[in-house]
Structure formats: structure tokens, C-alpha cells
Amino acid sequence: MIIQALTAADIRVAVLQARERGLRVAVRATGHGTFTEPDGALLIDTSAMTSVLVDPDRRTARVGPGATWGAVIAAAAPFGLAPVAGTSPTVGVTGFTLGGGHGWLSRRYGLAADNLLRADVVTADGDTLSARADRRSGLFWALRGAGGSFGVATALEFKLHHVPEVYGGSVRFPRALAGDVLSRFREYASELPEELNVSVVITPDAVALRGVHAGGADEALRALAPLLVAEPAHDTFRPMPYSGTVTIGGTRPRAFELLRDIPVDAVLATAETADAVEVKLWGGAITRGDGPAGHRDVPFSVTVDGDDVAALEPHVHGGAFLNFVQDPARTRDGYTAADYARLAELKRAYDPDNVFGTGHNIAPADAMVDLAA
Ligand SMILES: Cc1cc2nc3c(=O)[nH]c(=O)nc-3n(C[C@H](O)[C@H](O)[C@H](O)COP(=O)(O)OP(=O)(O)OC[C@H]3O[C@@H](n4cnc5c(N)ncnc54)[C@H](O)[C@@H]3O)c2cc1C
């Protein structure tokens with residue numbers, strides 16, 4: 001059963017219908033998520049609820065659950081404002097934010113989830129609640145990383161930042177320099193300013209640095225300089241509006257792992273058989289966020305557009321980031337043990353029957369276990 005929602009009231013009716021029929025509830029905005037909804041659930045399609053309202057004085061945006069980042073970026077740009085968006089303009093704001101949301105501005109302004117100010121949700125009981133830092137703070141904390149496990153968001157409000165222009169693009173070097181570029185990146189990563197987010201991408205014919213600096217060209221060039229191992233073969237870095245960052249590109253996440261360090265040889269071995277391998281930089285403001293999304297202390301990740309990640313396995317952190325988790329069985333890896341335990345407790349309060357039990361699910365804590373504790 002699929003319900004195409006046009007209003008928050010439609011979403012509420014859909015949840016109540018699902019309860020009456022004993023169905024679980026799944027949500028889809030763009031369908032970009034890594035999980036395919038199971039048969040036998042009621043699917044709420046929010047793709048028509050695309051409203052975007054920007055408040056330039058408060059530097060906030062309020063969006064419907066079907067809004068995409070491209071629409072928010074376009075609406076905020078005339079005011080010199082920008083959201084912490086992802087690498088693709090067609091990804092949905094809601095799925096991205098509830099799953100953490102790592103973007104070009106994250107080292108400067110945190111994850112998308114860290115920028116959430118308010119979420120309106122329909123809960124498993126069909127209640128329409130508003131969660132903020134000072135109101136239903138437990139639910140608000142859970143929503144900043146727990147994906148769709150706690151309810152159906154009918155609207156999100158989040159911070160925008162004054163970023164009228166960035167310096168972004170990519171530089172390419174011959175493929176033979178891949179090891180040098182990775183080693184240099186590993187050496188200087190901890191010294192790079194928070195304004196700079198940069199990744200190393202190895203493809204069969206080149207190695208590239210992709211990046212965005214949320215500042216002026218001079219500062220950006222100074223920040224990038226230590227990473228340039230040779231005169232680049234190709235350089236597209238330039239001042240651009242924030243909307244231009246969506247053209248810089250990303251790597252298809254057929255596999256994704258967090259790393260405490262860059263195992264240069266293992267990354268090179270993985271790149272031998274992959275269409276692309278991208279080592280991303282985390283850290284900066286991400287380490288200061290307080291929601292449950294991800295593992296805040298991890299400095300790197302590796303995204304592989306390929307099948308063979310055996311060489312990387314001995315080096316991975318073991319944790320995950322919900323937005324890149326393919327296998328629902330790895331949902332728990334998306335959180336620290338303490339955060340997962342708190343999420344499971346909150347889940348028992350807000351969705352004890354696991355109505356939102358499809359996809360990357362956080363199951364309610366077991367009451368017996370807690371009583372014993
Ligand atoms: C091309 C591409 C680039 C990407 N780049 C990045 C990136 O740079 N950084 C990053 O962090 N992630 C990135 N992702 C991952 C992306 O953030 C996740 O796939 C995200 O779940 C997509 O959300 P969506 O709403 O577009 O997708 P959907 O498939 O519509 O939704 C995905 C899931 O989000 C939840 N959800 C959606 N709407 C609601 C709602 N109203 N209420 C409650 N739960 C809801 C549900 O669990 C749903 O299954 C990328 C994905 C793609 C395809």
C-alpha cells in the first residue's frame with residue numbers, strides 16, 4: 001500500500017491506517033536511500049511535499065519532507081546563505097539530515113543533523129509532535145542521526161550559514177602519484193583548517209584532490225598548498241557560488257568504512273580493482289556535535305566504488321555512518337555503544353511496537369534487560 005502525502009495531516013492518517021491494518025510504516029522522499037522498502041509495509045511517499053521557506057533574518061530554512069538540497073541551496077543563495085548539504089542536489093533533505101548528513105561544509109559547521117533546530121514528526125501513535133532542543137529534547141536528540149526509526153518527519157527547520165562564495169573544484173595528478181598524494185594527505189590532515197574539506201579520489205587513470213574551502217581564494221590556496229605533490233595536470237579550483245559545489249562530484253558508495261588512519265598500501269591495492277576509491281576527511285566541527293550520528297572522533301573514511309575491499313578490512317574502524325550503510329544489519333555500527341543504548345531506550349518510549357521497523361532500524365530496548373540492570 002502506497003500513500004502519496006500532500007500534507008502533514010495525510011501523513012498522520014497514513015500512520016493511523018497502518019496501525020489499524022497491522023502494517024509497518026516506511027517512508028520515501030526521493031528514493032536515494034540505500035534501503036529498499038519491504039513488501040507488506042505501508043509506504044508513505046512524501047515526494048510532493050517540497051516546500052522550502054528561507055528566513056534570511058534568522059538564517060534558517062523550514063522545509064517539507066520531500067524537499068531536495070538543490071531546492072534549498074537555490075532558495076538560500078540570494079541571501080548569501082547556505083545549508084550543510086551533500087554532494088548531490090537531488091538527495092532529500094530529510095533522509096540526509098536524519099541519517100547524519102556529511103557535506104562539504106561539515107568540517108566548518110558540523111553534520112547536517114547538528115544544524116537541525118526543530119523537527120515536526122508524526123509518531124507511532126499518530127501524534128503530531130514538535131521536537132527542539134528545549135522541548136522533547138530526548139526525541140530531538142534521537143532524530144539527529146537515528147534515520148526514520150522514530151517517526152515520520154513532516155517538516156524540518158535548520159540553520160543556514162553565511163557562505164556567499166566558496167573556493168572549490170579538483171586538481172588531478174598522474175595516477176602514478178596516487179601513493180604520494182595519499183601520504184601527503186595523511187601527513188597534513190590534522191593541520192588543515194576547518195574551512196577546508198578535501199578528499200583524495202583514485203580512479204584507474206588519475207589521482208585527484210577534490211575540495212571546498214569556505215573562505216577566500218588566498219586562504220584556500222594557502223590551505224591546499226601542502227597537499228600539492230606536483231604541478232597538477234588539470235585544475236578546476238576557482239571561486240564559485242556555494243551552488244557550484246554540487247558539480248564537484250562524489251563517489252558511488254558500493255562500500256564505505258571509517259578509518260582511524262590512512263592505510264596507504266591497502267587503499268592503493270583496493271584502487272587496483274575499483275572504479276573509484278575516495279578517502280574523505282572528517283574532524284573539525286563534526287567532533288563537537290552532540291547528536292547520535294556517527295563516530296565523532298574518526299578522522300577519515302573510505303568510499304569504494306568497487307567490490308573488493310579485502311585489503312582494507314584489517315584497517316577499518318568497524319563503525320559506520322548511517323547514510324552510507326547498505327546492509328540494515330550494520331545499523332548498530334552507526335553509533336557508539338552508549339548512544340545506541342540510549343536510542344533503544346528512547347525507541348521503547350516512542351515506538352514500542354516498532355511500527356517504524358523497516359530499513360535501518362533501531363529496535364526498542366528489551367524491558368526485561370533494563371529491569372535487571
Ligand atoms: C548521489 C548520492 C550522493 C550522496 N551523497 C551523500 C553525502 O555527501 N553525504 C551523506 O551524508 N550522504 C550522502 N548520500 C546518502 C544519502 O544521504 C542517503 O541515501 C539518504 O538516506 C537519502 O535520503 P533521501 O530522502 O534522498 O532518500 P529516501 O530513499 O527517500 O529516504 C531514505 C530514508 O530516509 C528516511 N526518511 C526519508 N524521509 C523521511 C521522513 N519524512 N521521515 C522519517 N524518515 C525519513 C527513511 O528511513 C528512508 O528510508 C548520498 C546518496 C546519493 C544517492
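## Ligand contacts through the backbone

In this predicted model, a backbone N or O atom of G31 lies 2.9 Å from an oxygen atom of the ligand.

## The shell around the ligand

The shell consists of 26 residues, and the closest of them are A29, T30, G33, G92 and H102. By residue class, the shell divides into 15 polar residues, 10 nonpolar residues and one charged residue. Three elements, namely β2 (25-28), α3 (93-98) and β9 (152-159), each supply at least two residues of this shell. Helix α3 gives the most, with four residues.

## T97 in helix α3

The helix that gives the most residues to the ligand shell, α3, also holds T97. Is T97 buried or exposed? The relative accessibility of T97 is 2%, and because residues under 20% are classed as buried, T97 counts as buried.

The side chain of T97 reaches the backbone oxygen of V93 at a distance of 2.7 Å. When neighbours within four places in sequence are left aside, T97 is in contact with W69, A112, A113, L116 and L156. Between T97 and R62, which are 35 residues apart along the chain, the C-alpha atoms are separated by 13 Å.

## Strand β11 and its partners

Strand β11 spans residues 165-174, and seven of its 10 residues are buried, so the strand is largely enclosed by the rest of the structure. β11 pairs with strand β13 (residues 206-213) in the antiparallel sense over eight bridges. Within this pairing, V171 has L209 of β13 as its bridge partner, and S170 has R210 of β13.

β11 also pairs with strand β15 (residues 238-241), again in the antiparallel sense, here over four bridges, and in this pairing E165 has P241 as its bridge partner. Strand β14 (residues 234-235) runs antiparallel to β11 and is joined to it by two bridges, with D235 of β14 standing opposite V171. V171 therefore has a bridge partner in β13, where two strands count as paired if at least two bridges are found between them, and it also stands opposite a residue of β14.

How many of the residues of β13 are buried? Eight of its eight residues are buried, and the strand is accordingly described as mostly covered. The cover extends to both faces of β13, with A206, A208, R210 and V212 buried on one side and V207, L209, G211 and H213 buried on the other. R210 and L209, which belong to these two buried sets, are the residues of β13 that were named above as bridge partners of S170 and V171.

Besides its pairing with β11, β13 pairs in the antiparallel sense with strand β12 (residues 196-203) over eight bridges. In this pairing, the bridge partner of V201 in β13 is A208.

R59 is not a glycine, yet it has a positive phi of about 55°. R59 is found in the loop between β4 (52-55) and β5 (60-63), and at 40% relative accessibility it counts as partly exposed.

N354, likewise a residue other than glycine, has a positive phi near 55°. N354 is placed in the loop between α9 (337-350) and α10 (367-372), where, at 9% relative accessibility, it counts as buried.

## I3 in strand β1

Strand β1 (residues 2-4) holds I3. Which residues does I3 touch, not counting those up to four places away in sequence? They are A14, L42, L43, I44 and D45. I3 and L281 are 278 residues apart in sequence, and the distance between them, C-alpha to C-alpha, is 39 Å.

Note on methods:
Residues are numbered from 1 along each chain as its sequence is written. This is a predicted model: local features need pLDDT of at least 70, side-chain atom pairs count only at pLDDT 80 or more; totals for chains, interfaces and linings use all residues. Side-chain values use heavy atoms; hydrogens and water are left out. A residue is near a molecule or strand if one of its heavy atoms lies within 4 Å of it. A polar contact is a pair of N or O atoms within 3.5 Å; within protein, one must be able to donate a hydrogen and the other to accept it, and residues adjacent in sequence count only if both atoms are side-chain atoms. Ala, Val, Leu, Ile, Met, Phe, Trp, Tyr, Cys and Pro count as nonpolar, Asp, Glu, Lys and Arg as charged, and the others, Gly among them, as polar. Buried means under 20% relative accessible area, exposed over 50%, partly exposed in between (1.4 Å probe, protein chains only). Contact means heavy atoms within 4.5 Å.
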